[in-house]
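These are my notebook entries on one chain. I wrote down what I looked up, entry by entry.

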Amino acid sequence: MLEKFETTERPSLRTLASLSTLQDLDEDQLKHLSGQLVVSRAPKGTRLLSHGSTDESTFYLLEGKLRLEAVDGAVQTMSHEDPSAANP
């Protein structure tokens, strides 16, 4: 990660259950996981990762939009409403 952003809360069980990779977890598993995760908010223009980054974090887009830029310069914008936002 290149820039710091505000960590504000733990994710709700409902939020976790809506994510594709967590949909099969039961309530106890989601509660345990919620206690280990944080929801972070980044101001517009914040760089989350850089090309070639080795950060092992998993990101889900819960709210807003995200601009993805590939090494070749291709740009894609993703919204939290896009189905792909629920996938890491």
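Entry 1: I sorted the lining of the largest pocket by class and got 23 nonpolar, 14 polar and eight charged residues. My classes put Ala, Val, Leu, Ile, Met, Phe, Trp, Tyr, Cys and Pro under nonpolar, Asp, Glu, Lys and Arg under charged, and the others, Gly among them, under polar. I keep in mind that this is a predicted model, where local features need pLDDT of at least 70, side-chain atom pairs count only at pLDDT 80 or more, and totals for chains, interfaces and linings use all residues. I number residues from 1 along each chain as its sequence is written, and side-chain values use heavy atoms, with hydrogens and water left out.

**Entry 2: the pocket itself.** I looked up the volume of the largest pocket: about 1800 Å³. Which residues are closest to its centre? Of the 45 lining residues, they are L48, F59, Y60, L61 and L66. A pocket here is an open set of points on a 1 Å grid over the protein atoms alone, where a 1.4 Å probe fits, with protein on both sides within 12 Å along at least five of seven lines; lining residues have an atom within 4 Å of a point. The volume is the space filled by probe spheres set on the points, which are joined across faces, edges and corners.

I then asked which elements supply the lining. α1 (13-17), β2, β3 and β4 each supply at least two residues. β3 gives the most, with five residues.

**Entry 3: the whole chain.** I counted two helices and four strands. These are DSSP runs, numbered from the N terminus: helices are H or I with at least four residues, strands are E with at least two. Along the sequence I read the pattern β-α-α-β-β-β. The C-alpha atoms fill a box of roughly 45 × 25 × 25 Å along the principal axes. Of the 88 residues, 15% count as buried. Buried means under 20% relative accessible area, exposed over 50%, and partly exposed in between (1.4 Å probe, protein chains only).

**Entry 4: confidence.** I checked pLDDT, the predictor's confidence in each residue, from 0 to 100. The chain has a mean of 86, and 94% of its residues reach 70 or more.

Entry 5: How do β3 and β4 pair? Strand β3 (residues 65-69) and strand β4 (residues 75-79) run antiparallel over five bridges. Two strands pair if DSSP finds at least two bridges between them. I found K65 opposite S79 in β4. E69 has V75 as its bridge partner in β4. Five residues lie between the strands of this hairpin, and G73 takes a positive phi near 95°.

**Entry 6: two loop residues between β2 and β3.** I placed T46 in the loop between β2 (39-41) and β3. Is T46 buried or exposed? T46 is buried, because its relative accessible area is 18%. A polar atom of its side chain lies 2.7 Å from the backbone oxygen of P43. T46 and V75 are 29 residues apart in sequence and 16 Å apart in space, C-alpha to C-alpha.

L61 lies in the loop between β2 and β3. L61 counts as buried because its relative accessible area is 16%. Its C-alpha atom is separated by 8.9 Å from that of E81, 20 residues apart along the chain.

**Entry 7: two more residues.** I found E6 in strand β1. E6 counts as exposed because its relative accessibility is 52%. The C-alpha atoms of E6 and A85 are separated by 20 Å, and the two are 79 residues apart along the chain.

L37 sits in the loop between α2 and β2. L37 is partly exposed, with a relative accessible area of 31%. L37 and P11 are 26 residues apart along the chain, and their C-alpha atoms are separated by 6.9 Å.

Key:
A polar contact is a pair of N or O atoms within 3.5 Å; within protein, one must be able to donate a hydrogen and the other to accept it, and residues adjacent in sequence count only if both atoms are side-chain atoms.
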